[in-house]
Amino acid sequence: MRLFRIYLLSALLHLKEHLIYRASVLIWLFSMLLEPVVFMMVWRAVALAEGGSAGGYTQGTLTAYYLALMVVNHLTFTWIMHEYAYRIREGVLAGQLLYPLHPIHRDVTMNATYKLLGLVLFIPAFLLLSVFLKPEFQFEPWQVLAFLPTLALAAAMRFLMEWAVAQTAFWYIETSSFNQAYYVATMFFSGRIAPISMFPDWLSAVARYLPFWLGVALPVETLLGSLTPEEVMSGMVIQAAWLAFFAGLVAWVWSRAVRRFGAVGG
Amino acid sequence: MYLARVIGVHARIGILKDLQYRVNFAGQLVNSALGFLLAIGSILVVFRHTDLLGDWTQTDLIMLIGVFSIVRGFINLFVRPGLQAYMEGIRTGLFDYVLLKPLDSQLYVSIREFRIWSLVDLLTGVGLVVWSGWVGGLEASLFTIVLFFVTMLAGFSVVLAFWFILGTSAFWFIKVDNIFVVFDSLFQTARWPLTVYPGAVRILLTFVVPVAWAVTMPAATLAGKLEIGSLWLTLLVPAFFVAVSRIFWKIGIRHYSGASA
């Protein structure tokens with residue numbers, strides 16, 4: 001109950017904070033929106049050149065894939081690892097440590113409110129692009145039902161994974177190379193540069209076990225019906241396993257990180 | 001001559017400054033290498049499913065990525081740091097000193113900073129262009145090569161002018177650091193040839209946000225895809241954007257009233 005009230009207050013606080021920086025938020029959202037659209041255009045051009053379909057996708061299903069991915073990626077991404085070094089250096093973290101609550105809770109509400117706000121841009125963009133580009137969605141009821149838990153698991157798992165990755169900032173002052181490596185891995189394996197079935201078979205088989213694919217493309221492909229119910233089920237089991245693993249990792253890394261932390265600023 | 005000396009002095013100061021932070025060189029190397037891995041990887045995946053993207057082959061696209069990183073290196077070498085310093089100056093009032101210099105303020109802002117490690121991107125770009133030309137059995141006439149340098153220069157001026165158009169808004173809005181995120185996200189479109197995009201978007205990426213155009217043109221020239229009929233654009237588009245950025249800058253300067261002093 002107490003935690004619930006803290007979450008509510010902190011969500012309101014962060015919502016107001018995002019609204020103060022609304023111009024910046026709009027710019028960031030726009031750049032998140034553009035990336036899937038560019039890759040959609042590329043793959044549509046490929047399908048067009050190959051007489052209508054490539055790798056089992058038609059122009060219409062490719063459009064549907066990337067439109068869904070655009071929204072799902074927005075809902076599961078975090079920017080924490082680009083901010084953590086700054087927080088340590090500028091003493092933001094030193095202040096946060098004074099609260100009788102794990103700082104991760106603050107990030108949960110900050111992230112969730114940002115996502116909520118982002119939907120104000122993403123839903124109209126989704127509808128507008130749908131009108132012009134004519135995606136082929138074929139919804140079966142079970143796909144929509146299974147989509148929601150896969151999405152929730154994806155968001156929770158990815159949040160903890162990226163929070164754990166962000167903790168490297170305690171050990172290294174300059175984390176940009178590390179973040180860039182993580183970024184390249186996600187781009188490849190989460191289905192953002194191409195649906196994973198476009199990769200060589202052995203690579204896509206491996207990718208289906210990695211948290212990158214499970215954190216973005218699994219909900220997308222569940223919704224679009226390119227997975228069988230069994231594949232969705234096993235995907236959810238692997239998601240849950242990674243979720244447990246990253247929860248443990250966050251707890252373990254955090255306990256060591258705080259011990260290393262020499263407060264800066266104030 | 002005088003101008004060359006001024007540029008030389010600023011470049012030297014910039015190099016001396018960056019040489020203090022030699023570890024950044026390693027960081028830049030890693031970041032560039034990862035960037036290329038991603039770019040080349042995406043091209044390889046695309047070409048598992050097709051032989052031609054528009055009328056671009058795989059080697060043509062690697063050449064395009066080469067030009068892309070040359071342009072990106074150019075931006076990070078002095079355009080981005082220069083404009084960032086200028087914006088900081090607007091906020092702190094240090095821009096006053098820019099106006100006091102006996103040199104055109106727009107010119108001074110664009111040559112003032114120099115980040116030598118960004119040469120990594122630029123040189124790898126050159127390497128990729130040469131390598132893909134060699135692998136693709138490119139036989140370029142002297143005319144093509146001259147044309148390549150002309151289009152490359154056109155691309156540089158368009159991108160520089162576009163950065164200035166974005167950056168000049170700082171005269172009114174003061175804190176607009178995030179405006180460069182707009183450029184970075186639009187610049188992603190330049191990783192692929194213009195022919196990938198549907199007609200209306202292509203026109204947008206040529207005449208409104210000419211970033212993809214600036215990269216496609218030089219690569220198309222070298223790959224022998226440039227239609228001579230569209231050559232007039234090579235002069236017109238940069239001329240237009242440079243003129244607009246110049247006028248905008250002049251209006252902005254008049255609006256500037258100093259922040260501290």
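**Entry 1: Phe164(B)**

I began with the neighbours of Phe164(B): leaving out residues up to four places away in sequence, it touches Gln106(B), Ser245(B) and Trp249(B). I note here that the model is predicted. Next I asked where Phe164(B) sits, and found it in helix H7 of chain B. Is Phe164(B) buried or exposed? I counted 24 C-beta neighbours inside 10 Å, so Phe164(B) is buried. The cut-off for buried is 20 or more, so the count passes. Phe164(B) and Lys17(B) are separated by 147 residues in sequence, and their C-alpha atoms are 25 Å apart in space.

**Entry 2: H3 and H7 of chain B**

I stayed with helix H7 of chain B, residues 142-167, and looked at how helix H3, residues 58-92, meets it. Their axes come within 11 Å and cross at roughly 25°. Angles under 35 degrees count as roughly parallel. H3(B) and H7(B) are therefore roughly parallel to each other. The crossing of H3(B) past H7(B) is right-handed.

Which residues make this contact? From H3(B) I listed Val71(B), Phe74(B), Ile75(B), Val79(B), Leu83(B), Tyr86(B) and Met87(B). From H7(B) I listed Gly155(B), Phe156(B), Val159(B), Leu160(B), Trp163(B) and Gly167(B). I sorted the residues of this contact by class: 11 are nonpolar, two are polar and none is charged.

**Entry 3: The record for chain B**

I checked the UniProt entry, which is unreviewed. Its "transmembrane region" annotation covers residues 29-49, 61-79, 116-134, 140-173, 194-216 and 228-249 of chain B. I then looked at two of these spans in the model. Residues 61-79 of chain B are 100% helix and 0% strand, and the end C-alpha atoms lie 25 Å apart. Residues 228-249 of chain B are 86% helix and 0% strand, with end C-alpha atoms 33 Å apart.

**Entry 4: Where chain B touches chain A**

How many residues does each chain give to the contact? Chain B gives 26 residues and chain A gives 28 residues. On the side of chain B, the elements that give two or more residues are helix H2 (23-46) and helix H9 (179-187). H2(B) gives the most, with 10 residues. By class, this side of chain B has 13 nonpolar, 11 polar and two charged residues.

I followed H9(B) across to chain A. The axes of H2(A) and H9(B) come within 9 Å and cross at roughly 5°. H2(A) and H9(B) are therefore roughly parallel to each other. On the side of H2(A) I found Ile27(A), Trp28(A), Phe30(A), Ser31(A) and Leu34(A). They meet Val181(B), Val182(B), Asp184(B) and Ser185(B) in H9(B). The residues of this contact divide into six nonpolar, two polar and one charged.

**Entry 5: H2 and H3 of chain A**

H2(A) has another partner, this time within chain A. Helix H2 (residues 22-49) and helix H3 (residues 59-76) of chain A pack at an angle of about 165°, with their axes 9 Å apart. Angles over 145 degrees count as roughly antiparallel. H2(A) is therefore roughly antiparallel to H3(A). Their crossing is right-handed.

In H2(A) I listed Met32(A), Leu33(A), Pro36(A), Phe39(A), Met40(A), Trp43(A), Arg44(A), Ala47(A) and Leu48(A). They meet Gln59(A), Leu62(A), Thr63(A), Tyr66(A), Leu69(A), Met70(A), Asn73(A) and His74(A) in H3(A). By class I noted 12 nonpolar, four polar and one charged residue in the contact of H2(A) with H3(A).

I turned to Lys134(A), in the loop between helix H6 (104-133) and helix H7 (141-166) of chain A. Most residues other than glycine have a negative phi. Lys134(A) is not a glycine, yet its phi is positive, about 50°. Is Lys134(A) buried or exposed? It has 11 C-beta neighbours inside 10 Å, so Lys134(A) counts as exposed.

Leu145(A) lies in helix H7 of chain A. With 10 C-beta neighbours inside 10 Å, Leu145(A) also counts as exposed. Pro124(A) is 21 residues from Leu145(A) along the chain, and their C-alpha atoms are separated by 23 Å.

Last I looked up Leu19(A), in helix H1 (residues 2-20) of chain A. Leu19(A) is exposed, because it has 11 other C-beta atoms within 10 Å. Leu19(A) and Leu117(A) are 98 residues apart along the chain, and their C-alpha atoms are separated by 8.6 Å.

Definitions and conventions: Residues are numbered from 1 along each chain as its sequence is written. Chains are lettered from A and ligands numbered from 1 in the order in which they are written. This is a predicted model: local features need pLDDT of at least 70, side-chain atom pairs count only at pLDDT 80 or more; totals for chains, interfaces and linings use all residues. Axes are lines fitted to C-alpha atoms, for helices over the stretch in contact, and angles run from 0 to 180 degrees between N-to-C directions. Helices (H or I, at least four residues) and strands (E, at least two) are DSSP runs, numbered from the N terminus. Angles under 35 degrees count as roughly parallel, over 145 as roughly antiparallel, 65 to 115 as roughly perpendicular and the rest as oblique. A crossing is left-handed if the near helix is turned anticlockwise from the far one by less than a right angle, and right-handed if clockwise. Two residues are in contact if their C-beta atoms, placed from the backbone, lie within 7 Å. Ala, Val, Leu, Ile, Met, Phe, Trp, Tyr, Cys and Pro count as nonpolar, Asp, Glu, Lys and Arg as charged, and the others, Gly among them, as polar. UniProt positions are given in the numbering used here, feature names are shortened, and annotations may be inferred rather than shown by experiment. A residue is buried if 20 or more other C-beta atoms lie within 10 Å of its own, exposed if 12 or fewer, and partly exposed in between; C-beta atoms are placed from the backbone.
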